[in-house]
Amino acid sequence: MAPAVRLHEAVALAGRFPLLAGASLEVAEGEVVHLRGPNGAGKTSVLKVLAGLLEVHSGEATALGRDLVADRRAVRREVGMLGHQSFLYEDLTVEENLRFAIRATKGALAGIGPALEQLGFTGRLASIPLGRCSAGQQRRASLAVLVARGARLWLLDEPHAGLDQEGRDLLDGLLAGSRAAGRTVLFASHEHERAEAIADRVVHLAGGRVVEPAEPVAAPLQVAQQIGQRPGTEAPAHVA
Amino acid sequence: MSRAQFSPPADRAGFALRLLGATALVGVAATVWLGLFVTPPDRFMGNLVRLLYVHPPMAWVAFLAYGVAGLASLLYLWPRTTAPHFDRLAGASAEVGVVFTGLTLVSGSIWGRPTWGAWWVWDPLLTTTALLFVLYLGYLALRRVPGDFHVRARRSAIAALIAFVDVPIVYFSVDWWRSLHQAPTITAGRTYVHGSMAWTLLLGFVSFTLVYIWLMAHRYRLAKLNEFEDAEGLEVALAERRAEAVTG
Amino acid sequence: MLRDAVLVAGKDLRIEIRSRVTLNQVGPFALAVLLLFGLALGPDRQVLAPASAGLFWIAVLLSTVLAVQRSYAVESADAARDGLRLSGLDPAGIFLGKAGAVAVQLIVLEAGLTIGVALLYGARLSGALVLAAACAAGTLGLAAVGTLYGVVASGLRTRETLLPLLFLPVVAPVLLAATKAWDAALAGTPGRADGWLDVLVVFAVLYIAIGIVAFGPLLEDE
């Protein structure tokens, strides 16, 4: 079965600076993958490439069967992205935001109700302008958009950040139910314990590349020892 | 989309280019000498006519540069080749063009002062030239914004075409505006150009065009050198980035 | 494309109705411009009244810059273009929608400015049909060029200063033609405005067409 996501020696640039310097990655459908790495390692860039936002300078990149090098616009309707900033409008209510987002992707408006319920936007809460909601609620609204759009590939950048406890549990529940829902998820997070509890596997990024073959989750200490043992590296190894 | 592979251009200008520069210089010098000393003063305009050998050629170059920049921008976008030389051409032409546009405005203003007693008249051609000047400046400001080569090139090319299309509209509008007011224009009171004056004028046009081409060639080379430096820098940057993974 | 345009225009206008920024900020700004012109050129109405048309349209041009900047500011600040690109909307539709919303806001503004010009400068409002036609055609042209340059500037750090520099010279013909059309109407000779109205229509059609084609590529540039 074709992988949901495939990168091979992908290079992506911002002006002269290589955000990705030859990243290779494969994710099967329904997997939940945790992207780990220090700041500036390229986690956000991987997500943006897969969302079709960032151009691939060289190498291969496909998402949901679509070639991102040839045409990166086509994939955007089928992908759901959660960035550092919300892509929602402050002056519109949660419901209006959802309605706009769904109609933009020509999706089914019927999905709005269930999405609002699932993310805890019941009653009056759905009718408040987004700007007046708390940061946690705004984040949850972005998640509601993802759910309502029914995207098959979720790209989440620090999804836990800004969420309250209830929100985090909701998110974890959503991620856990991904495989059943036929959804592939890649997320970047610094909250390692939580992430490793829900992720199927971990991918480490550093210097714009995937620095070790994606393997089942290893304990942090083992990872550090592996890095330290690789020839040409200096000790002490950092834990990514 | 493939990236153009940059090969380093020669570091020193070739012989042909230097010959061109020398010729242009001689031509301009000759024009000035002839214009100032050899040709007779005009019956009506007196010595002011000597500006005629310089001002129209400069205006011609200003608009030629504008045309070249527009055409190059179009060619960069249209057959979808996104060939870098068209972008370099457009940028170089704009830079040379803005200089000549400025000179045209100054010389036109100098001509206007004794003729109509004002440093500026809203003549259609002069006004269009003034607007062209500002459009150039806007375009150059946009080009100066840092970014990926092809991103910047495409953005500049589209902006150039937006402005390019506007200039005829401006000229037409201002011309009509002026015709309603029957005010003096630079083309009114045309003087009869003959003999040595005609030759000097022709020489002026030719030599300024040569200057344009010479400046363009150098600016183009400079752009190519800059890009080559950038491309090399990319290799270095890639290596450094990968090294991050090892040393953390 | 048109469906997306209506969707985007509706969204922008709904945001404006909610937040009333154009009404509360750009409106007073335009009024202030009229007042300042009055201070600079007045108080003699013999001087101001004939200049009404030009001053009106300069106020409109400056307000367009603000309206366009606001139009892009609502798109979640720095992530503006990302949001629009991810939305899955047709870029030409986004262009028409945004330009349309800006145009609607400007027309409302112009209504207010017309009253202002009549009051402050003593302009006699005759030839209403020509006044309205010039407003309609001129505004469409302004909105189109503004939205186009707006997307160019929106991704750049120097956007606040770059937008006016790019926009204002290009719309000089609109200023000229619209002012002349208004002059003809205000002077009681609306027939003389015909040619100028043609210029406005040509300009608007031209730049709407350019916008439909060019907006997508401009939006993509990171």
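Visitor: Is Arg20(C) buried or exposed?

Guide: Arg20(C) is exposed, because 12 other C-beta atoms lie within 10 Å. By the cut-offs used, a residue is buried with 20 or more other C-beta atoms within 10 Å of its own, exposed with 12 or fewer, and partly exposed in between, the C-beta atoms being placed from the backbone.

Visitor: Where does Arg20(C) lie, and what is its phi?

Guide: Arg20(C) lies in the loop between α1 and α2 (21-41) of chain C. Its phi is near 55°, a positive value in a residue other than glycine. Most residues other than glycine have a negative phi.

Visitor: What should I know about the source and the numbering?

Guide: This is a predicted model, in which local features need pLDDT of at least 70 and side-chain atom pairs count only at pLDDT 80 or more, while totals for chains, interfaces and linings use all residues. Residues are numbered from 1 along each chain as its sequence is written, and chains are lettered from A and ligands numbered from 1 in the order in which they are written.

Visitor: What is the mean pLDDT of chain A?

Guide: The mean is 79, and 88% of the residues of chain A reach 70 or more; pLDDT is the predictor's confidence in each residue, from 0 to 100. Among the elements of chain A, strand β7 (residues 153-157) has the highest mean pLDDT (89) and strand β11 (residues 215-216) the lowest (46). Over residues 214-240 of chain A the pLDDT is below 50, and this stretch has 30 contacts in the model beyond near neighbours in sequence. Two residues are in contact if their C-beta atoms, placed from the backbone, lie within 7 Å.

Visitor: How many helices and strands does chain A have?

Guide: Chain A has eight helices and eleven strands. Of its 240 residues, 49% are buried.

Visitor: Which helix of chain A gives the most to the side that touches chain C?

Guide: The contact takes 21 residues from chain A and 19 residues from chain C. Helix α2 (residues 94-104) of chain A gives the most to the chain A side, with four residues. That side divides into twelve nonpolar, four polar and five charged residues. Ala, Val, Leu, Ile, Met, Phe, Trp, Tyr, Cys and Pro count as nonpolar, Asp, Glu, Lys and Arg as charged, and the others, Gly among them, as polar.

Visitor: How many residues of α2(A) are buried, and what covers them?

Guide: Eight of the eleven residues of α2(A) are buried, including Phe100(A) and Ile102(A). What covers the buried residues includes α3 (112-118) and α4 (135-149) of chain A together with α1 (2-19) of chain C.

Visitor: Turning to the other contact, how many residues do chain B and chain C give?

Guide: That contact takes 22 residues from chain B and 24 residues from chain C. On the chain B side, the largest share, 15 residues, comes from α5(B).

Conventions: Helices (H or I, at least four residues) and strands (E, at least two) are DSSP runs, numbered from the N terminus.
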